[in-house]
Protein chains: 4
Amino acid sequence: MGDIRRIGVLTSGGDCAGLNAVIRAVTHRAVGSYGWKVLGILDGTLGLMDRPLRYTEMDLDLFSGRDLLRAGGTVLGTVNKGDPFAFPMPDGKVVDRSLDFVDGFHRLELDGLVVIGGDGSMRILKQLCDKGSIGMVGVPKTIDNDVEATEYAVGFSTAVNVVTEALDRLQATAASHHRVMILEVMGRDAGHIAVNAGIAGGADVILVPELPYSLEGIAQRIRKVQAEGRSHALIVVAEGVKTLGGEAATVSHSGGQTRYGGIGAYLSERIAEATGTETRVTILGHVQRGGVPSMRDRLLASAFGVHAVDLIAQRRFGRMVAWQNRGVIDVPLEEVCVGPRCLEPHGPLLNAARGLGIYVGEVPPA
Amino acid sequence: MGDIRRIGVLTSGGDCAGLNAVIRAVTHRAVGSYGWKVLGILDGTLGLMDRPLRYTEMDLDLFSGRDLLRAGGTVLGTVNKGDPFAFPMPDGKVVDRSLDFVDGFHRLELDGLVVIGGDGSMRILKQLCDKGSIGMVGVPKTIDNDVEATEYAVGFSTAVNVVTEALDRLQATAASHHRVMILEVMGRDAGHIAVNAGIAGGADVILVPELPYSLEGIAQRIRKVQAEGRSHALIVVAEGVKTLGGEAATVSHSGGQTRYGGIGAYLSERIAEATGTETRVTILGHVQRGGVPSMRDRLLASAFGVHAVDLIAQRRFGRMVAWQNRGVIDVPLEEVCVGPRCLEPHGPLLNAARGLGIYVGEVPPA
Amino acid sequence: MGDIRRIGVLTSGGDCAGLNAVIRAVTHRAVGSYGWKVLGILDGTLGLMDRPLRYTEMDLDLFSGRDLLRAGGTVLGTVNKGDPFAFPMPDGKVVDRSLDFVDGFHRLELDGLVVIGGDGSMRILKQLCDKGSIGMVGVPKTIDNDVEATEYAVGFSTAVNVVTEALDRLQATAASHHRVMILEVMGRDAGHIAVNAGIAGGADVILVPELPYSLEGIAQRIRKVQAEGRSHALIVVAEGVKTLGGEAATVSHSGGQTRYGGIGAYLSERIAEATGTETRVTILGHVQRGGVPSMRDRLLASAFGVHAVDLIAQRRFGRMVAWQNRGVIDVPLEEVCVGPRCLEPHGPLLNAARGLGIYVGEVPPA
Amino acid sequence: MGDIRRIGVLTSGGDCAGLNAVIRAVTHRAVGSYGWKVLGILDGTLGLMDRPLRYTEMDLDLFSGRDLLRAGGTVLGTVNKGDPFAFPMPDGKVVDRSLDFVDGFHRLELDGLVVIGGDGSMRILKQLCDKGSIGMVGVPKTIDNDVEATEYAVGFSTAVNVVTEALDRLQATAASHHRVMILEVMGRDAGHIAVNAGIAGGADVILVPELPYSLEGIAQRIRKVQAEGRSHALIVVAEGVKTLGGEAATVSHSGGQTRYGGIGAYLSERIAEATGTETRVTILGHVQRGGVPSMRDRLLASAFGVHAVDLIAQRRFGRMVAWQNRGVIDVPLEEVCVGPRCLEPHGPLLNAARGLGIYVGEVPPA
């Protein structure tokens, strides 16, 4: 088993703030401390599956030209649908291209690969590691913060900042017009963004996919706020929240025209009916992926990137770096691949929200 | 004609950032310099038309409690549909309640009234002044910046900041995913927000209500950008832009569900078809009304509020304060009430945009 | 032992962002959930030691007027020198006024008191608790983040954001003029602000009170950066860092004129001599105490405030709330009162910094 | 007289936010619209005076790598002391190197040169133009905004934003501790930053170099604020303000140690003595040069860059672009070179400040 000489780094899945800061830290550590070569694989897994292979050599000079610490997104590019084991072809078929990926790894003569990805990417990473012979480590990133085993994933803090800032703005206009403002935020399976930003932004109601809710619960909270002398209210709802009938309130693409009728729009009408108050809905969308990463995302990204490279130096593959109790640690991928991490019904933030009088859905038995 | 002793201030129409800063400046000048009483009229024109009258006395103490310079929106409240000459009653009828307004003015024994409002409010203000016997001055505010005779209205600068910031964020995610991102912004009649933020935020295409556009023009610009080696593009479109067929691309409320199918969604599909590039649309909505006002909006608001009170002190009624060439001036309301101020096809910003290679619609003959 | 009916809340020591958000959460929980009365004690311990007693009743209405979630500092006021056991009198004498404090507590018929303070305040809190008969709980706040037993104290995150933002700005001007920019930040005993912001802001050198440094170490790093083709560098230094001779580089007040000659100015000259590079120094000062609290500080403040009131409800006095591993817990004050928490020489952030090539002082034996 | 084929662009004097955005606009217009070559001259006038000549070719590709619209400072570098007519040599002598500059211009076969600079640079530009045979146009930039004939220079708006934000932060800590906070800002000859940020940031006292002041005037204002029930106050002072004795309150470099004893520190002591109130001083320094340019600076920079290139295309040399009344115009350099533009004692902003009760120095006869 020879020395490490050459590693790759790729970003996988939806983009977020701080990806470039991870790439920078990986390069600094690998090139600056260990003297290795670093290849940046382009467009997620595609760069290794496509032929010719697509990659770029990373060096420290890059950073004088591009400010990777502060630039949002990823200079390497990324794709949402790049699972090598279930790759969607243009003709609609889904094929297994994992051998292409492994072959690409070997053709580039990589001794290790840093994969920056979310919950799904970590599962794929584990499968690829299980196929053997290629050494990889994971760095968790996702605005949803639903990766197991780490307190924070890269990109989450910036996303919550963006949503909190939106609530600060909506609060002003809601108060001026005596309205109920509904803000629909990201979060298909988990309500981390909604509950963090909802508390920080002063929401009166926070709805998350993990907890059922009732229209009466919402209306009661609004009436209480009005009784206390405040004529407006703020509601944050995660996109993954279902209608009262338990259906998905999705965006439809039909008749050649995209129609947005998500959960925000649904609730806007229900709440207007139930309370007689004027409502308005805002869907933040892609701005939540952020631009300039927050201080915390830059810190996480920097510490993660260094530690990921150190794992490769020690040939400790099949692991993911994680943040726990003030520091970086690493965990085996098995611990991570147990599904998205959701809010616990009686976790600290939901309890804090309830303590502030915020309606967060029906209280499940403790 | 006795001395001025008591004035009112009200905010009218859609809220924006900086309204409170005007109210603060009016109070500081009237109470602090002249020793008058200031009554804050609640909820726009309603406070004077409702019986009992609704108002609150403003004083300097208020400011130690509430930070009106920095707080977004209006502590006095405002309504969108409060035209005394054409007031929509709950039963659907539209009635003339202008006498109620004038009567309210007299009952409060006001010697003058500062009305902070947009293009429409200034027209109503002029009509009310023409009815005689009540002395009023106007302060222009609108995120659309379409009030005549003033370079800037309160609220515009903050709105453009919010949109520019959104473009900074969308740029990062567009680049990471090689997408065309479409941002739909406010502006029913005028494209000031779109063109200001579009240039400042690095848009490749800016569509405004004032200029026709072609799908080919947009596609050509995107292809040129791609030919130069950039895989993503940013498009800003004002909500008032029509479809290629010349129809309004409005939001529909039908079947108990709000459906958003505005111009952004429309273009998203057309452009994806025409260029084969992945597109995404974001609708900023109410966050454009801002929270904490920008430095410029606070400056404008402060200078406007002081000057409006000075006009009342000089009994120079029927005028609007305005910003021209580095300073505050005032103009007769007649000069203002000539319809919304739109972009000139060959104005300085549209020309600058063209000079940067941005597609801003078909070029009209100079 | 009767029911809890009436509690107090006070802020102690240097102000920071998020204090008002704690006060808001305490009031929401105590008034809204438990139906208690809440008295806000004015100006730290003074409000209870002065006669007449100085306090204000807090209620939920307050929040419609003042936006305590978002407002920086403390509406209750605070003082730096208010230790009841060693109170500095105007005549220069230091006296024990702790009996006044205890007496004030009883006169107000308080059943509990929430003290929001730093490392020093927690020690005083413990002493007061030991005197018996008054029930108190602590909430940690300090921009220095040097309170034991909690991952974060209220105010720290905002302070680090401010410093990071300053580094982002200094980076631009440093690069334009090929300069070494030195930023002196707060931190008398502990370098938490310096190392967090230094990594997040892309510093090349970070000097903290906990680690010795050499001029040669700094110069070497600057020369390496220059060799890599970058003509500028950023240095962050905590105010508590000593000169190379081991002396404090303090601000002097002499001859009727304040002279600032702190560690930043000292290093500026030493580094200019050692490297022949142009240097400039910036001292951030009080802006680090922040205005609008960061998202994280609002979250912490909200969760801490709720939990502190719950402790009182359970009569679990003599404890401090703390943040550990994603949630709020509480610890006995004894665990906290073991001196300021400093950086560990081989802690995760210092290690990450070293991994990025940042000079953080001489490496102590592991 | 042949066609324009090749132009240069350089940045001169102190850096600020928006310089890169001008460079980007110049390149876009010259390369994209006219098909010219653009050479970026390095380090201000040095790049043309040094041998070998120092420059880099600018192209549109550059922008995919570096985000020049949003990046602060100048990628071309700049120097403060680069006057070709009075160039300071390392040996201390001052020599005329203007022939080197003209020679450099010809060696590079430039058909025109865009100089981005402040008040001083425009004067040098005029002298160089007068020497004949080289065609140049100026773009005004300076955080001080003291260039004649233009409402705004690039960099000013960002600087005022930074100062306003600092005041927002200082307000919170001043209120918490009942202090008078003094903020020293840039402005040697002109108080534009101080008065703009002072009004926008809610200052109670604004001192500028253009107006005399008295300690009694300041103290009176502070006492009035206190009488109204507010226990804190904010003071903004431009660095160029003199002591009461009329002397400069400069920073001294003596005994091997830089000592900061500027006007902020001076006033801090005087005001503490005069009012018995606790005072604190903050010196913002280089952060005022900004990082990411404000929306307005990006707009200005974009419009200026395009127009400057258009002037060259029309061979209208010896002119400076300027912003007046909503648009870009151009003026002959003679109109600009009449000294720094200072505040008029009865200009609109100083009047607005007085109207708000702010003390801005002794009122001169109108």
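At 17% relative accessibility, Cys129(A) counts as buried (buried is under 20% relative accessible area, exposed over 50%, partly exposed in between, with a 1.4 Å probe and protein chains only). This is a predicted model: local features need pLDDT of at least 70, side-chain atom pairs count only at pLDDT 80 or more, and totals for chains, interfaces and linings use all residues. Residues are numbered from 1 along each chain as its sequence is written, chains are lettered from A in the order written, and side-chain values use heavy atoms, without hydrogens and water.

Cys129(A) is in none; its nearest cysteine sulfur, in Cys337(A), is 9.4 Å away. In chain B, the closest cysteine sulfur to that of Cys129(B) belongs to Cys337(B), at 9.4 Å, too far for a bond. Cys129(B) is buried, at 17%.

Now the core. The largest nonpolar core has 368 residues, and Ile218(D) is one of those touching the most other members. Such a core joins buried Ala, Val, Leu, Ile, Met, Phe, Trp, Tyr and Cys through side-chain atoms within 4.5 Å. Beyond four places in sequence, Ile218(D) touches residues including Val205(D), Tyr213(D) and Tyr359(D); contact means heavy atoms within 4.5 Å.

Note on methods:
A disulfide is a pair of cysteine sulfur atoms within 2.5 Å.
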